[in-house]
Amino acid sequence: MDIPYIVIDQLVPEQQRVWDTYFGDADRPRYIKEGIWRRTQEKDTAGQSGWATSDDARRRIIHYRYRYGLVPTTAAPAIGLTDLYLYHSTSAPAEEIDAHHDALLDSLAAGGWREAPGGFLWTRRDLKCRITEHDVHPQDAAVGRTLPPGYQSLDVQIASVAYAPPPSVRQLPWNVLSTGIRRKDRPGTPTRIPDLSLLADLRPFQVEIGCGTSVEAGIPPLHRLHEIYRVTDRQGHEPREHRFTLAPTADTLLHEVLNEPEEKAAEFVEMFRACFLAEPTPAMRALKELKDAGHLVGPVITNNFDVLAARAGLDECFMRRYDQAVPDVEWADGAKALLVVGLHADRRKVQARARERGMQVVYLDPEGFWHDGEFMPYPLEGPQDGDLVCRATAAEALPALVNVLKQQRG
């Protein structure tokens, strides 16, 4: 695989402007994309992890960090993946780790990787792969964390040859692991509302958006990343029922990378490419109208990395932060409500903080999605007693709210 790996070839002038404005010279390094998953086998995750006894303590950690940049070509610049870093750590009974290690060696051979002296490093064109086995993982030893007797760990780093991740980057997934599992909220009994017209009496309000607005722009839902990185087995259509990928011998991710890195790289960059090519939707433009009219205040609070809110002319308060356990929220003085659009699992408890401020929490979400022509229910997790829920799409409800407020203004 060659680095840079071209993602979008020969940008047209408008794409060049989008890169320069929102990626190359932005308020945060939007040219870096990062994701972390940690899945553990324990009693609280038994339904998805298969935990049955205290001897079940398998663990899988995935951390990716990709840097994108402009790449000169003969006609016009391209966007390329300029740094690749993928870290995979698994812990399991020793016999499973041994089988996992042997299978990785087979994939390295099948993929044409060359072994460097010492037996821990392999290279293939512009990629390098390092494998390290631990009887006791150094990260566990550092914090006094113990696994059952007979467990071992195997770490795999795959990176572009010119990239050496600094200690702060390598430490991030372990910091996330130390925060523990995300426990689901217990839904309360919210009040259902037919539309958002009642926000006329709750002005000004703030907004928090999730991936629902991104999906409306043609960007794959976040569970697509779960498919790419094999986070769950993806059997069935109910996301909360998918079982964790924990058994090392059932984990295909590394084998896909080692056997066909170019093909897997096409999947790795899929989300960035979709985000860059997407355009702000009618829902995003409606939020901009609400902002310009003074009904919407403060920045858009978001976990989304698609930059669509910024491209629609809105300020963003970005919450997908691995360097902060509880990222700060930029609250606007005088805001009476928080409108939560298309967001299912608020890991940063923004809505809880809004309630503490005395704000009315209003959810806009169809509570389901279409799959093969069938509507699959996907109930919200976060609404509590006193909250309001409108079961509509952002594309329907936000432009309608703009019209209602215009009519009231006369």
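**Entry 1: α11 and α14.** I began with a pair of helices and noted that α11 passes α14 in a left-handed crossing, where left-handed is the name used if the near helix is turned anticlockwise from the far one by less than a right angle. Helices here are DSSP runs (H or I, at least four residues), numbered from the N terminus. I looked up the axes, which are lines fitted to C-alpha atoms over the stretch in contact, and those of α11 (residues 282–292) and α14 (residues 394–409) come within 8 Å and cross at roughly 30 degrees. That makes α11 roughly parallel to α14, a term for angles under 35 degrees.

I then listed residues in contact (heavy atoms within 4.5 Å), and found Leu287 and Leu290 among those of α11, with Leu398 and Leu405 among those of α14. By class, this contact has 12 nonpolar, no polar and 2 charged residues.

**Entry 2: the model.** I reminded myself that this is a predicted model, in which local features need pLDDT of at least 70 and side-chain atom pairs count only at pLDDT 80 or more, while totals for chains, interfaces and linings use all residues. Residues are numbered from 1 along each chain as its sequence is written, and side-chain values use heavy atoms, with hydrogens and water left out.

**Entry 3: the whole chain.** I noted 14 helices and 17 strands in the protein chain, the strands being runs of E of at least two residues. The C-alpha trace spans about 75 × 60 × 40 Å along its principal axes. Of the 410 residues, 52% count as buried, that is, under 20% relative accessible area with a 1.4 Å probe, protein chains only.

Definitions and conventions: Axes are lines fitted to C-alpha atoms, for helices over the stretch in contact, and angles run from 0 to 180 degrees between N-to-C directions. Angles under 35 degrees count as roughly parallel, over 145 as roughly antiparallel, 65 to 115 as roughly perpendicular and the rest as oblique. Ala, Val, Leu, Ile, Met, Phe, Trp, Tyr, Cys and Pro count as nonpolar, Asp, Glu, Lys and Arg as charged, and the others, Gly among them, as polar. Buried means under 20% relative accessible area, exposed over 50%, partly exposed in between (1.4 Å probe, protein chains only).
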